[in-house]
Amino acid sequence: MNVLMKNKKTVFYTLIAVLLLIYPFINDSRSMMILFTQVFIFAIFAMSYDLLLGYTGIVSFGHAMFFGIGAYTIGIFMKRFEPTIPYLMLAVLVTIVLTALLSYLVGLLTLRLKSHFYAMLTLAFAGLFLVLAEKWRTMTYGNDGFTFRVPDLFKDRFDFYLICLVSMIVVFIFLNRFTNSPLGRVLQAIRENEQRSESLGYSVLQYKIIASVVSGVIAGIAGILYAISLRFVNTSVFTMDITLDALLMTIIGGVGTLVGAIIGAGLIEFAHHWLTELAKVHWIFERWIIFFGIIYILAVMFFPQGIVGTLKNIRTKSILKRQRNLETKDTNEKAAG
Amino acid sequence: MELLINLTINGLATGMLIFLLAAGLTLIFGLMDVLNFAHGGLFAWGAYSGTWIYATTGSFVIGIIGAIITGLILGVATERWIIKPVYGNHIQQILITLGLMLVLSEMLKVVWGPNQISATAPSYLAGSWEIGNVIIIKYRAFIIVVGLLVFLAVQYILKNTKIGLIVRAGVMNKEMVQSLGINIQKVFMLVFMIGAGMAALGGVLLAPYSGVIYAEMGLEFAILAFIVVVIGGMGSFPGSILAAILVGLSGSFMAYYVPDLALAVNMLLMAAVLIFKPSGLFGLKG
Amino acid sequence: MMSVQLKLDQVETYIGQYHILQGINFEVRKGEVTVLLGRNGAGKTTTLRTIMGLNPASKGSITYNNEEIKSLPTYHIAQKGIGYVPEDQGIFAQLTVEENMKVAMKSENDETKERLSYILNLFPDLKKFWKKHGGLLSGGQKQMLSIARAYVNDNDMLLIDEPSKGLAPIVVEKVMDSIMQMKEKTTIVLVEQNFMMASTIGDRFYIIDDGRTVHDGPMNVLKEDDEMRRKYLGIA
């Protein structure tokens, strides 16, 4: 039964992937293609956040840190050196090293404390990076930010669309494998009951740090893609807004499902796009984020599993119900016969 | 010499404002095990509503009272409808209060628009005194006095009243307080309200001090308040004022001598405390 | 026949996913000392906590003076006249002895003052360290303070969890004496591993094993039955 469901899922996902692949051929709209590209980028970001929150149960309020590091690294490399592929690869490498190091250090310092402390500290650290970016004008040009050129491969919108789509799929498959691996299962056990995992002999801190590092690196990659898509970077990549985006996307889409992060990213980005259009009609739409903030609060209160999770629950419940009905039918027949 | 005095007064004033925000946070956390990430939103609402009421009525005092009342109302609503439903689940509670922070900040923009609003002190508090060579800005002294008065008042309540005793006992051992027949839920509500009121007071006092108010100020001050709560110790009321003064002073001196490092120094302090004494300098819980 | 003050009927309690209490049945008669015995981890402390509502029962019924209290919040249960002395004593460490008592005292009327002076005479150490922080007291003194807090109000029933734990024999005797004296004024449910103490002051016993009540009877019966003691309590 499970194997069948798993195959169904894979078929379904592959279908979606193919659809997304050929979509630009069907639809000419350039703005839609750019919108989808943003969705893919933020899906990567949200999935990295889901690994922390949904699978390991860690609440970080500083995820923008890693995003921003990726964004600034690529920007600085492209601007200071040359906008060529080798320098791009170097930038990616540096991002990976920096984000891994940072997430490791922050994790080491604070993951052994209560969840409240981790949330507070990551909030403060992100704030620190924001201030850093504002002040270090020689590197970052402060609040104004700077534009930069990108290698030819990334210049074409369509090519970039494909790059982001493929990246998203690769990250999805990787995280899927990761969370289903023995390591991933330990992370989920930690989310469920940390004390029990500890008493079973798992060094909870080490596992949490691993999750933190993987999550941070992927967030950095998302940041790189984001900066490339805009060919511009400024302090906004370090703001609370970015972290909030990740939060909204994972919670509303569905924590702990990975797919939920992708759906959440789609929802938020599309809503942002359309609602800002509507803002021209009536100013209230400019405050569209309140709408999502309220949905988010309701989601945390009543549907902690988000959309995908709740659907899964409904599905599981109906399957169990059918099974029980079959069983009672069996026993009834046996009793009668 | 005058410089030192100025920086000190500056630091003390900022410290008092942070104290008003941090005190509520630390008591709420100590008693209820709830870290209210929306506390900064209460601060910002205090600033906006207080400034608006002052501008509308012409009376600064009424503005302050109005801000406090706004804080109390928002506090009650938050405790009952946002915190209580998820009580006990740390992750939900952290997530939901941050969501509330977002909504509160955005609602400010809906009501008062997205632009900065300027705020001034009333004429009787504007200007400064000259004592010899030293110039003391009246409004800053005012903030320090108000902050001290609030501290003394709350400290008195904590040490000398039955309800204060219950709060202190509850911070140490909630279950035991309940087992002694005391409905601690009601006490939660009271503490939350007082914390919210203090936060709102901090906000309305800050407005003329900084000259402008904007929606993001809530989060900015909240970060400082978190740093103070960690350094002072979760649940320690005296810890919150001492740490707030420390952070305020260090910020003030740093801002003058090495401006770029101001926030960094406070963060390093917080990191150091977390590594060596996570329960804080005066903490009662780890 | 003494009246039944507290009755637990098929009570089950979960802590998280753990099914700690799987079927607790017992009756506490007014004026008696009922002792809950059993090995470590059998569920004795959880039983007391369930009665107090700190770990609410998921199944079964708990009646106190013929009133169902299973679903009441802890403070309400305490207000009905049940005092609780937990295993770790629950002393407010940074409050003074005086403040600890003040938190407990529901009112300052004459009757409470009388009970206060009675218990302070019973435990003169508390008077001596009246202004000292609770956390600085010795183990025995903390136990006395915890018992004093439960006693100072006009409680009809006291739940006392392992009062002799970790105490020197001479202190244990003192605690035992105090409980014997309180027995005259209030019903007591006692969890005790110290069989000497349990058998001296107890009137009835219930043995809890693996979250279930498996045996009960008058205390003198258990005193004679070596085999039962060995089987369920692991003692000779």
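## Where chains B and C cross

Helix H6(B) packs against helix H3 of chain C (residues 97-104) at an angle of about 105°, with their axes 10 Å apart. Axes here are lines fitted to C-alpha atoms, for helices over the stretch in contact, and angles between N-to-C directions run from 0 to 180 degrees. H6(B) and H3(C) are therefore roughly perpendicular to each other, a label used for angles of 65 to 115 degrees, while those under 35 are roughly parallel, those over 145 roughly antiparallel and the rest oblique. Helices are DSSP runs (H or I, at least four residues), numbered from the N terminus.

Leu165(B), Ile166(B) and Ala169(B) of H6(B) meet Glu99(C), Lys102(C) and Val103(C) of H3(C). This meeting point has 4 nonpolar, no polar and 2 charged residues. Nonpolar covers Ala, Val, Leu, Ile, Met, Phe, Trp, Tyr, Cys and Pro; Asp, Glu, Lys and Arg count as charged, and the others, Gly among them, as polar.

## How the model is read

This is a predicted model, in which local features need pLDDT of at least 70, side-chain atom pairs count only at pLDDT 80 or more, and totals for chains, interfaces and linings use all residues. Residues are numbered from 1 along each chain as its sequence is written, and chains are lettered from A and ligands numbered from 1 in the order in which they are written.

The pLDDT is the predictor's confidence in each residue, from 0 to 100. Chain A has a mean of 84, with 92% of its residues at 70 or more. Within chain A, confidence is highest in helix H11 (residues 204-230), at 93, and lowest in helix H15 (residues 306-336), at a mean of 69. Where pLDDT is low, the predicted coordinates should not be read in detail.

## Which chains touch

Two residues are in contact if their C-beta atoms, placed from the backbone, lie within 7 Å. Of the 2 pairs of chains in contact, A and B share the most contacts, with 31 residues from chain A and 32 residues from chain B. On the chain A side, the elements giving two or more residues are H4 (85-110), H5, H12 (240-253) and H14 (288-302). H5(A) gives the most, 12 residues. By class, this side of chain A has 23 nonpolar, 6 polar and 2 charged residues.

No contact joins chain A and chain C, whose closest C-alpha atoms lie 9 Å apart.

## The domains of chain A

Chain A is divided into domain 1 (31-304) and domain 2 (307-337), with bounds from an automatic or database domain assignment. Their centres, taken over C-alpha atoms, are separated by 40 Å.
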